[in-house]
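Dear colleague,

Please find the structure below, handed over for your study.

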Amino acid sequence: MISDTVQKEIDSARNFGEQLEGIVVSKNQFPTGDRNVLLIAYWALMFDYHKGTLRLLQSEFFRAAFALVRPVVEAVVRAHVTLMGSDEDLLSIQKDAYKVNFKEIGGKIDSAFALEGLMENFLNDVTRSALHSYAHSGLLQLGRRFDGNDIKPNYSDQEIIEVIRVTTSAIFMVTNLVTKHFGFERDWKSASQMYEEWGKHP
């Protein structure tokens, strides 16, 4: 059974996610143009991932929840690339042939959106290795199949909380991108304030 600490994190992330989603949904607008449509599609996809991750954790399907972190991070990257990428990048995404180069893309996103190293630091070697291992049934997943001599999940509260915070931060990042890109300045500021408040929770 998940701890009270983890449950509070799940509840907080779910509430924050619902507030963020409501900001964009309330606009009741469907954008035109290839880049805009892709951006909104990635935004919507990420909220499905986020809800799925929280529900899996709630149900103690930790392995599946951890495996979703990589597609969440890839969706964050692709959402940014849809706006900053070349026409060739855009066509590659549309043909489902785009490959995320984690070693290079962080710095490019930081430069394009003036993020001051935020994305590059996030996509460092340790993060890349963890994303790969959890998503592709690597040793980080296999090693958590055992608790002593028992075959059962062995994930610490801190590891679970990190997944919650990474995926929740990801939906904020893309909501931030959407509101800024479409000129919803008041909503952009509101989302940023909400994120700051959410980040204060213990």
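At 27% relative accessibility, Tyr-195 is partly exposed. Please keep in mind that the model is predicted.

Along the sequence they follow the pattern α-α-α-α-α-α-α-α-α-β-β-α-α. The chain has 202 residues, of which 43% count as buried. Among contacts with a separation of 6 or more, 71% are between residues 24 or more positions apart.

Six aromatic pairs occur in the structure. In one of them, the ring centres of Phe-172 and Tyr-195 are 4.0 Å apart and the planes are at 0 degrees, so this pair is stacked. Phe-172 belongs to helix H10 (residues 157-181) and Tyr-195 to helix H11 (residues 185-198), so the pair ties together parts that are 23 residues apart in sequence. Phe-172, with a relative accessible area of 10%, is buried. Ring pairs also link these two residues with Phe-16 and Trp-198 into a cluster.

For Lys-180, the ring is that of Trp-188, and the charged end is 3.9 Å from the ring centre. For Lys-27, the ring is that of Phe-184, with a distance of 4.8 Å to the centre.

Which residues of H11 are buried? They are Asp-187, Ala-191, Met-194 and Trp-198. These residues cover an arc of only 65 degrees around the axis, which means that they lie on the same side of H11. What do the buried residues of H11 pack against? Their partners are helix H1 (4-25) and H10.

Finally, the chain exposes about 11200 Å², and carbon and sulfur atoms supply 52% of that area.

With kind regards

Note on methods: Residues are numbered from 1 along each chain as its sequence is written. This is a predicted model: local features need pLDDT of at least 70, side-chain atom pairs count only at pLDDT 80 or more; totals for chains, interfaces and linings use all residues. Side-chain values use heavy atoms; hydrogens and water are left out. Rings of Phe, Tyr and Trp (its six-membered ring) pair if their centres lie within 6.5 Å; planes under 30 degrees apart count as stacked, over 60 as edge-to-face and the rest as tilted. Helices (H or I, at least four residues) and strands (E, at least two) are DSSP runs, numbered from the N terminus. Buried means under 20% relative accessible area, exposed over 50%, partly exposed in between (1.4 Å probe, protein chains only). A charge sits over a ring if NZ of Lys or CZ of Arg is within 6 Å of the ring centre and within 35 degrees of the ring normal. The arc is that of the directions from the helix axis to the C-beta atoms. Contact means heavy atoms within 4.5 Å. Accessible areas come from the Shrake-Rupley method with a 1.4 Å probe; for residues, only the protein chains shown count as cover.
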